[in-house]
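Hello,

Here is the structure I said I would pass on. Please open it first, then read my notes below.

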Amino acid sequence: MAASSLLRALTRRRGCATSGAFNHYQHHLSSPFSTTSAAAAAASAGARDEAGKGFPGLGPTTKGEKARVVVLGTGWAGARVMKDLDTDGYDVVCVSPRNHMVFTPLLASTCVGTLEFRSVAEPLARIQPAMSKSPGSHFLLARCTGVDPDAHTIDCETVTDGQKDALEPWKFKVAYDKLVFACGSEALTFGIRGVTEHAIFLREVHHAQEIRRRLLLNLMLSEVPGISEDEKRKLLHCVVVGGGPTGVEFSGELSDFIMRDVKQRYAHVKDYIHVTLIEANEILSSFDVRLRQYATNQLIKSGVRLVRGIVKDVQPNKLILDNGEEVPYGLLVWSTGVGASPFVKSLPFPKSPDGRIGVDEWLRVPSVRDVYAIGDCSGFLESTGKEVLPALAQVAERQGKYLAQQLNSFMKAGGGHANSEATVDVGPPFVYKHLGSMATVGRHKALVDLRQSKESKGISIAGFVSFIIWRSAYLTRVVSWRNRFYVAINWLTTLLFGRDISRI
Ligand SMILES: Cc1cc2nc3c(=O)[nH]c(=O)nc-3n(C[C@H](O)[C@H](O)[C@H](O)COP(=O)(O)OP(=O)(O)OC[C@H]3O[C@@H](n4cnc5c(N)ncnc54)[C@H](O)[C@@H]3O)c2cc1C
């Protein structure tokens, strides 16, 4: 389709979407509490449509313009590819429901106040300054809802977080020359009833904020006269489901918080607060037996109760295990691994064996042109003969780095625009080399396993030295100097003065 007719088609479709938004407004206006007039709503919807038409850079690019890379997501993979893209040759448009990258390995520390939330959130504009300066590069606070690979366009819907009095969400399209899926995964609940309603996941900064607020609320309520002994015990029972690195690190942070800060500042209730970690198999199954045993001993010494069991049902204040045991809780954190999101499942592409977007060795989605997938949302197709890589930041980041290099070299060889890549050499495939795993277990102790696999030779240690290695490694990995400084200062402040326990 010629560029001009495609642009006309896009504009027509955008008009339809806006009239849909207008219907939504009319529905909203019928509410007796609405203060907006119908005329004002129509004017606002019309103005938005006009603004949409005039927004530079959403339609297809021409050969004389910079080619456009559209990146979906601001996680480890998306942030890295955007950071390394050559913005002299490409315009970058990022579509994501959040405007920052989360430094996930340190997220558990923010739940109890060891670190502040801003220390682990890196604004995209700092990662790729062109996003806020270059006329053709934009960050769009929206979620991608579909893709038309033939037309080289994506469908998006704005994200307004369901805020009262915020604008109603609206739909729009973006044309791409290259499209990068970096939209991550979703927490697995295995269809267990009540998990989504009553448990808190630990994946985003707002989850950590919710955990911290709930923990401090429970601590404060447990001191108020009128609460029974049983209620106090239940309120201060923190249950973590899932014994992978995230569940173990969070349990370790919680027990540190209890041993140091709660015992000093909530002395009246110090004997009531407990942590239980529930895991169906072994904790930290990706580590070897020796390190697993060390972690188990450390957690037990810190007062964490380890329970082997499968959660069958989650109710508002208690969960039920497969053996019928009832576990009352005041705070429930769910961390049982990740899987493909409904959005990824809905995409019209072949999938990897575990349901992620299937890619070849060059991280391309081979059934269509100019589409790539990296990070947790992607996996090698069975036909490549390669194993699906683990859902890890180090995989996502290195895929982002590799893909940026690929796209930069395509652009330099004249293959930056849509449907022009076939003319350029695709270079070597992506190869992943595992650098090892680390996890903290509380009480200034950690596990460090720098072997490529459990069978290979190499460094595999546990204890205080590992904790120093863990901290140093992550401090150097924090993306900006600003956040590196925040993290270092937060650690020092916590060491000297204890954690911040104000409930803001
Ligand atoms: C608490 C925690 C601790 C961890 N610790 C470690 C660790 O120590 N070491 C390690 O290697 N790994 C760790 N991981 C795993 C690591 O964080 C993930 O593997 C990594 O974040 C994957 O990066 P990603 O870019 O693929 O996805 P994510 O980082 O999850 O980012 C996905 C992005 O896509 C956006 N998005 C979602 N849907 C859409 C849509 N429809 N349209 C547009 N955008 C969308 C999201 O908002 C987000 O910005 C940890 C994870 C967690 C949660």
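One side of H15 carries the exposed residues Trp481, Phe485, Leu492, Leu495, Leu496 and Phe497. Bear in mind that this is a predicted model.

Now the helix itself. H15 runs over residues 481-497, which is 17 residues. From its first C-alpha to its last, H15 reaches 24 Å. That is close to the 24 Å expected at 1.5 Å a residue.

Which residues of H15 are buried? They are Asn483, Val487, Asn490 and Thr494. These four cover an arc of only 65° around the axis, so they sit on the same side of H15. The general rule is that an α-helix has 3.6 residues a turn, so residues three or four places apart point the same way.

What do the buried residues of H15 pack against? Their partners are strand S4 (121-123) and helix H14 (464-477). Just after H15 comes glycine 498, with a positive phi of about 85°.

Look for glycine 194 in the loop between strand S9 (186-187) and helix H7 (195-198). Glycine 194 has 18 other C-beta atoms within 10 Å, so it counts as partly exposed; a buried residue would need 20 or more.

Leaving aside residues up to four places away in sequence, glycine 194 touches Asp313, Val314 and Gln315. Check proline 316 as well. Glycine 194 and proline 316 are 122 residues apart along the chain, yet their C-alpha atoms are separated by 7.8 Å.

Best wishes

Technical notes: Residues are numbered from 1 along each chain as its sequence is written. This is a predicted model: local features need pLDDT of at least 70, side-chain atom pairs count only at pLDDT 80 or more; totals for chains, interfaces and linings use all residues. Helices (H or I, at least four residues) and strands (E, at least two) are DSSP runs, numbered from the N terminus. A residue is buried if 20 or more other C-beta atoms lie within 10 Å of its own, exposed if 12 or fewer, and partly exposed in between; C-beta atoms are placed from the backbone. Two residues are in contact if their C-beta atoms, placed from the backbone, lie within 7 Å. The expected span of a helix is 1.5 Å times one less than its number of residues. The arc is that of the directions from the helix axis to the C-beta atoms.
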